[in-house]
Amino acid sequence: MDVEIKQQFDEMGVEPAEAVLEKCMELAISYNVLDATEFVEQWMAFSLSHLHGDDPTVENLGEFERKVLQLRKDKVAPKAKSYTAIASSVPEMSSLATYGVMEDDPMMDDYVSESVADSSAMHTPKAKKDQPRSAALKGGVLFSPVSYTPQSAKKTQVAAGTPNATVAGKPGDIVDSFGHPKLLAGSNWQTQVEHQLPVTQKLLHKDAPLTIANLGYMNDLLGDRCDDLHDRLVDTGRALVEKKLGSDGAAECSWYPQDRQTLQALHLLHAVGMIHSEDDGPLDAHSAFLSVTDADENSFLSLNFSRIKSASIFPGQVVLAKGFIPKGNSFVVEEIHTERKLTPPAPLKVDRELQFVVAAGPFTHSTDLIYEPLHDLLNYLKEHRPDVLVLTGPFLDADHNIVSELAETFESFFEKMIAGIMEVVGSHTTVLIVASQKDAMVHSVYPTPPPTLRKTYPNLHMLPDPSLVDLDGITLGVTSTDVVDHLLSHEFAANAGERMHRAINHLFHQGCFYPIYPPADEDMAFDSQLALKYAQIKQLPNVLILPGDQRHFIRLVSDCLIINPGRVADSKGGTFARFLVAPSVPGKSANMFNSVACQVQRI
């Protein structure tokens with residue numbers, strides 16, 4: 001039984017010492033708790049109720065014995081001979097001291113079986129052991145939630161005809177593709193050589209990536225924010241002017257701010273400033289204004305777009321505007337420029353074909369914690385071993401409908417999830433995990449440091465959000481924040497071209513993974529100091545992962561492959577992306593269309 005108890009603790013992310021296991025065996029035998037699942041679940045409930053989720057030790061197991069097992073033994077009545085006798089004895093043994101729950105708690109109903117006549121005492125429902133846990137999955141699950149109510153671990157059935165039951169297509173369907181037809185047709189989407197890839201993080205400050213160890217936030221002073229915005233305005237504005245006018249052209253232009261008499265004499269002038277909205281919400285043609293800064297003061301110009309042919313702007317964007325001021329602080333815009341000279345991606349340098357799988361959370365439906373879509377993805381990974389697996393959060397959404405019903409810490413549940421994933425993918429696939437600030441087990445700040453794990457894996461890399469990494473000659477950018485949706489929902493656009501293409505260009509030309517200010521999500525804890533250090537795009541990556549609620553897409557923008565894999569758990573059918581990078585042919589110039597093939601597949 002000691003092996004079974006150890007297995008149950010391992011599933012909950014707890015690694016007990018040998019002395020602790022011996023004490024658990026002694027208590028289980030002494031108090032006739034012969035089911036390992038029941039014993040461990042009683043301990044976990046007691047630990048959460050009385051010890052703030054501490055791991056078991058010999059000392060606190062003694063406290064568990066006094067307050068739970070002994071009390072339970074004293075209160076359990078002799079085994080009754082009839083249903084009536086047992087039913088009448090239920091109030092006497094309903095203290096639920098085992099769980100530290102009040103007698104009148106409605107959770108009582110979930111722990112009292114209908115077949116109470118066959119049991120001498122109330123107990124935690126025994127876990128079903130019909131399906132073994134294994135790396136092969138075999139229809140079972142690799143991890144499951146410990147919850148106060150069994151409803152958390154029950155799959156919610158969706159009635160036919162409801163919106164959530166509408167799924168377009170069937171599992172395995174290819175819903176989007178990119179790349180040369182020969183590459184797409186010739187791949188079996190499985191790695192040919194099993195070896196780990198070196199991973200080098202490139203978003204560094206003082207030669208170190210963002211981690212919990214060097215994290216400092218909640219000291220983002222208003223004055224510091226203003227200084228950060230000013231520095232960004234100056235740096236990006238200078239790049240915009242250089243791209244559009246050049247140094248000679250810029251010297252010949254008339255610039256705002258000017259004194260009032262000069263303004264009245266000028267017909268056209270240029271202004272570099274930052275776009276803002278009057279109501280801190282989505283922009284429209286009447287709410288946008290331009291903040292222009294000089295050495296002496298800040299000036300705010302109300303923008304008039306009546307004479308402009310095309311525009312695409314959003315709050316926090318640095319722009320170069322050309323127009324005139326008819327009177328007051330009204331600026332009639334005739335041209336608006338948002339592009340600067342970009343540093344292109346480094347050439348691809350791979351000596352063999354590399355296979356990637358990319359999937360974005362959430363990984364379970366909003367009605368349960370079963371993680372069925374994640375298990376479907378793991379079944380695919382078991383059959384198709386990629387070189388690299390990229391998973392972005394949220395993994396355990398803090399806003400999930402029933403996350404509060406977990407009877408274990410968020411950290412332990414996340415560790416169980418990671419252990420299940422690593423058991424399936426093995427040791428030869430390089431796994432990149434990018435958590436989200438929406439996750440319950442991370443620091444709720446953007447940029448977001450990666451969560452820490454008690455158990456380490458040589459091929460697992462926990463990355464901050466956002467991240468830029470070098471993978472053996474391929475530069476990969478990735479974020480778990482839905483920045484595309486934030487941009488499109490808050491921008492003002494007129495004759496500005498394809499919406500996804502322009503949203504991606506906003507990121508590149510503003511040189512930032514999250515250029516919107518203030519953040520489009522009012523619950524987003526944006527830290528300008530951290531963003532200045534860990535969220536800048538100084539050189540374009542070869543591949544950029546931008547998961548979001550918008551429909552999945554694949555785009556090639558400025559020779560950078562952009563992928564939105566969709567969500568793994570989606571009411572209309574989850575999706576993920578897979579792509580391969582082929583080695584370049586000697587003597588031929590490599591391009592993304594001939595070197596990369598990508599597909600989005602339904603889960």
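## Strands 16 and 18

Strand 16 (residues 543–545) and strand 18 (residues 560–564) run parallel and are joined by three bridges. Within this pair, Ile545 stands opposite Ile563 of strand 18. The model is predicted.

Strand 19 (residues 575–581) is buried at seven of its seven residues, so it is largely enclosed by the rest of the structure. In a regular strand, side chains alternate between the two faces of the sheet. Here Thr575, Ala577, Phe579 and Val581 point one way from strand 19. Phe576, Arg578 and Leu580 point the other way.

Two strands pair with strand 19 in the antiparallel sense: strand 9 (residues 354–360) and strand 20 (residues 596–602). Five bridges join strand 9 to strand 19, with Leu354 opposite Val581. Seven bridges join strand 19 to strand 20, with Arg578 opposite Gln599.

## Helix 8

Helix 8 (residues 222–244) has 23 residues. At 1.5 Å a residue it should span 33 Å, and its end C-alpha atoms are 33 Å apart, which agrees.

The buried residues of helix 8 are Asp228, Arg232, Leu233, Thr236, Gly237, Ala239, Leu240 and Val241. Just after the helix, Gly246 takes a positive phi of about 75°.

## Helices 1 and 3

Two packed helices are described by the angle and the distance between their axes. For helix 1 (residues 2–11) and helix 3 (residues 36–50), the axes come within 9 Å and cross at roughly 45°. That angle makes helix 1 oblique to helix 3. The crossing is right-handed.

Which residues meet where helix 1 and helix 3 are in contact? Helix 1 brings Glu4, Ile5, Gln8 and Phe9. Helix 3 brings Ala36, Thr37, Val40 and Trp43.

How values were computed: Residues numbered from 1 in each chain as written. Predicted model: local features only at pLDDT ≥ 70, side-chain atom pairs only at ≥ 80, totals over all residues. Heavy atoms only, no water. Pairing = 2+ DSSP bridges. Helix = DSSP H or I, 4+ residues; strand = E, 2+ residues; numbered from the N terminus. Expected span 1.5 Å × (residues − 1). Buried < 20%, exposed > 50% of the residue type's maximum accessible area, 1.4 Å probe, protein only. Axes fitted to C-alpha atoms, helices over the stretch in contact; angles between N-to-C directions. Parallel < 35°, antiparallel > 145°, perpendicular 65-115°, else oblique. Left-handed = near helix turned anticlockwise from the far one by under 90°. Contact = heavy atoms within 4.5 Å.
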